[in-house]
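Hello,

Here is the structure I promised to pass on to you. Please open it first, and then read on for what turned up in it.

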Amino acid sequence: MTPLKTLLNPRSVAVIGASEDQTKFGGRLYKTLLQHQYDGAVYPINPGRDTLFGLKTFPSIDATPQAPDMVVMALPREKVKAEIAACAARGTKAGIIITSKFSDAGPEGLALEREVVAAAQEHGMRLIGPNCLGLISPANKLVLCSSPALNVPSLIEAPIGFVSQSGALMGTLFDRSYGMGIGFSHCVSVGNQADLELCDFVEFLIEDERTQVICSYVEGIKSAPRFVELARRARAAGKPWLMVKAGASDDGSRAAYSHTASMAGDFAALKAICERENVVMMEDPLNMLSLARAMVRYPKRRVRDVAILTTSGGGGAISADQLSHAGIDLTRFSEATKATLAEHYSEGQAGNPIDIGGRKSDARPDLGVVTAEVALADPATDLALMVLTTAPDVPGFTRQLADGAERPAAGGKPTLYVMLPGRVAEPARKMLVERSLPYVDTLAEAMDILRGWKAWSIHEEPGTPQRPAGMPATEVPADGTLGEGPSKALLGRAGLPVNQERVVADAQAAVAAAGELGYPLVLKVVSPDIAHKSDVGGVALNIADADDLRQRLAAMQASVAQAAPKARIEGYSLQKQESGELELIVGARRDAQFGAQVVVGAGGVLVELLKDVAVLPAPVDAASARRAVDALKVAPLLRPYRGRGALDVEAVVDAIVRLGWLAHDLEASGRDFEIEVNPLKVKLAGQGAVAVDARARIGEMGEV
């Protein structure tokens, strides 16, 4: 099969439906192809004209001097199949179908789309689309795209590849990027991905020597295993892969049998894979391209600590606040750096942020040059954030900062300019474009870029998951919903600590069981119809003695009967009450695309309120589990606090690892599943953690 490298660099192109009418797709596409000086043969197909823009036309694909390598068409849907069949039979290697209303329009369109693909594949022809906007390849001087954004004097070539599942977004981003001086090696709109799909083009960009950074706008992944494989190949090739994913708000809850399902939904599952494989997920597609431009300008540079240089004290303070919120550290300047800066700035102004307005009265005129050089020369500085506000000479001062950053002592470290003024900064923006220096217009854009850059910079290669010593292979229980007792038994066999319990039918049995367990106790309703017991008054804590037990059981029975009158009550679970300093949730589920996942986060009654969770692909190594716990918002509560010692983080890590292997075993057995432990009570260091409530559901793949 012809490789994409050849398909995307055709020696000849046929434009079916070519026209001089710029109100038509075929007309705009044909003119743009000629305008950008494609140096291969061009065959306009139009039976009603002899020439178009000076080139000889052909009535059909069969009339061209030779089979074109590439064909592009924007025809009515009912004509596409016959035209593709004719092109494939003629020997055309690849085609772009702009036409929509195929699988994007329902079952009938899907059926026709499959017929079109089959007609192409019969002769080995590959297809891009349908329902796409085509291809822009500055590296090959090839433009097969009808977007008016391509009506520019020339293309900007840069080693940034972009694959988009939205054609209109590709055109829009090309337009915005062009104005900022951002270029590309190749841009591809994949449309319905009926044949060639996103991963095919990512693979091409990984192998393409003219691409250094890969960008993608993703709506859905067709092959999860291939996505993971390509992420690893991109990382091995040293090519950052940046991605914006649509649908982040879809939590995949599916009526949420458990919190685990809602918190580890489709987007969270993909995000977990991306974090493990260092595919950087970003919120804004234009910021993604700005980060790509910065990574190209400063290849392989890592960004963790940032120095702020600003023309405004207020700008510096706000920038520092936003960096803090974004989790990015300010550079702590060395004493030598502070001393050098103190030669030029008033007392207290030689720290970070550097307010250049705080200069001494006799400061030298090229202070911007000196300041940028000194700040970047500090060993702790990874990047200088240049925050420009309105000033008498914004262009001149911006140039000073750029000159200082390019001095040898600055070490070639990255800079990012935030051009807060409007029209007065236009000459400065133009200068930055001419020098290929990355800039944005708002601090919010800068923070999104720096978050992504730091995430890529601090990534640690995942370790090889090790099954805990002595943990047996999981005995898969029968399909169905498991109550608390069976769920805890499943967890206990995997080595997770669980508290003791007895299931009783009435008060007399409860008092007898309490004598065996010992007070204080916890009482819980047992019902397959009640997922969250506390919501219906089905949990009683701190039961002190037999009289208290009888009273609390009676109150529970009344409350449950009122709140859930149709629920089947199978009894009451009497449990030894366990103490703990912090409640966490840990859970597992199988994602339909990415497989077994583990969840850890703030638990107990705070689980829905805080929504503080991390999702990890399973099985998970201990180091990755520990990093996930450390990144939680509640992580400070695991450390020593107000005279209380540190909590048992290692016990939490062990529970995550064991749950990950349990999830792995269930998936390997062909089971779908949801498991939730809430809460996992975490004790002081060395005292462990214990699961005091759990639920699970197991079924055939696709059932849960």
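**What I found**

Lys-683 is buried, with a relative accessible area of 14%. Please keep in mind that this is a predicted model. The partner of Lys-683 is Glu-578: the two form a salt bridge in which the closest N and O atoms are 3.2 Å apart. Lys-683 sits in the loop between β29 (671–682) and β30 (689–691), and Glu-578 in the loop between β25 (571–576) and β26 (582–591), so this pair links parts of the chain that are 105 residues apart. Glu-578 counts as partly exposed, at 23% relative accessibility.

**The chain as a whole**

Before more of the pairs, some background. The chain has 704 residues, and 55% of them count as buried. Its secondary structure comes to 22 helices and 31 strands. Along the principal axes, the C-alpha atoms fill a box of roughly 100 × 80 × 45 Å. If you take the contacts between residues at least 6 apart in sequence, 71% of them join residues at least 24 apart. The chain exposes about 28,700 Å², and carbon and sulfur atoms supply 51% of that area. As for charge, there are 74 positive and 84 negative charges, and their mean positions are 3 Å apart.

How confident is the predictor? The average pLDDT of the chain is 92, and 97% of the residues score at least 70. One stretch to treat with care is residues 250–264, where pLDDT stays under 50. For that stretch the model has 50 contacts beyond four places in sequence.

How many salt bridges does a search of the whole structure find? The count is 49. One of them joins the side chains of Asp-69 and Arg-11, at 3.1 Å from N to O. Asp-69 lies in the loop between β4 (55–56) and β5 (70–73), and Arg-11 in the loop between α1 (4–7) and β1 (12–16), so the pair ties together parts that are 58 residues apart in sequence. Are these two residues buried or exposed? Asp-69 is buried, with a relative accessible area of 9%, whereas Arg-11 counts as exposed at 61%.

Glu-484 and Lys-524 make another salt bridge, and here the closest N and O atoms are 3.1 Å apart. This pair links distant parts of the chain: Glu-484 belongs to helix α17 (residues 484–493) and Lys-524 to strand β23 (residues 521–526), 40 residues apart. Glu-484 is buried, with a relative accessible area of 8%. Lys-524 is buried too, at 5%.

Which residues are joined into it by salt bridges that share partners? They are Glu-197, Asp-200, Glu-203, Glu-207, Arg-226, Glu-229 and Arg-233.

His-36 is found in the loop between α2 (25–35) and β2 (41–45). At 6% relative accessibility, His-36 counts as buried. Leaving aside residues up to four places away in sequence, His-36 touches Lys-141, Val-143, Leu-150, Val-152, Ser-154 and Leu-155.

Ser-100 has its place in the loop between β6 (94–97) and α4 (107–121). Ser-100 is partly exposed, with a relative accessible area of 26%. With residues up to four places away again not counted, Ser-100 touches Arg-77 and Asn-131. The C-alpha atoms of Ser-100 and Leu-198 are separated by 18 Å, and the two residues are 98 apart along the chain.

Glu-460 is in the loop between α16 (443–458) and β21 (480–482). Glu-460 is partly exposed, with a relative accessible area of 46%. How far from Glu-460 is Glu-275 in space, C-alpha to C-alpha? The distance is 9.6 Å, while in sequence Glu-460 and Glu-275 are 185 residues apart.

How values were computed: Residues are numbered from 1 along each chain as its sequence is written. Side-chain values use heavy atoms; hydrogens and water are left out. A salt bridge is a side-chain nitrogen of Lys or Arg within 4 Å of a carboxyl oxygen of Asp or Glu. Helices (H or I, at least four residues) and strands (E, at least two) are DSSP runs, numbered from the N terminus. Buried means under 20% relative accessible area, exposed over 50%, partly exposed in between (1.4 Å probe, protein chains only). pLDDT is the predictor's confidence in each residue, from 0 to 100. Contact means heavy atoms within 4.5 Å. Accessible areas come from the Shrake-Rupley method with a 1.4 Å probe; for residues, only the protein chains shown count as cover. Lys and Arg count as positive and Asp and Glu as negative; His and the chain ends are not counted. The place of a charge is taken as NZ of Lys, CZ of Arg, CG of Asp or CD of Glu.
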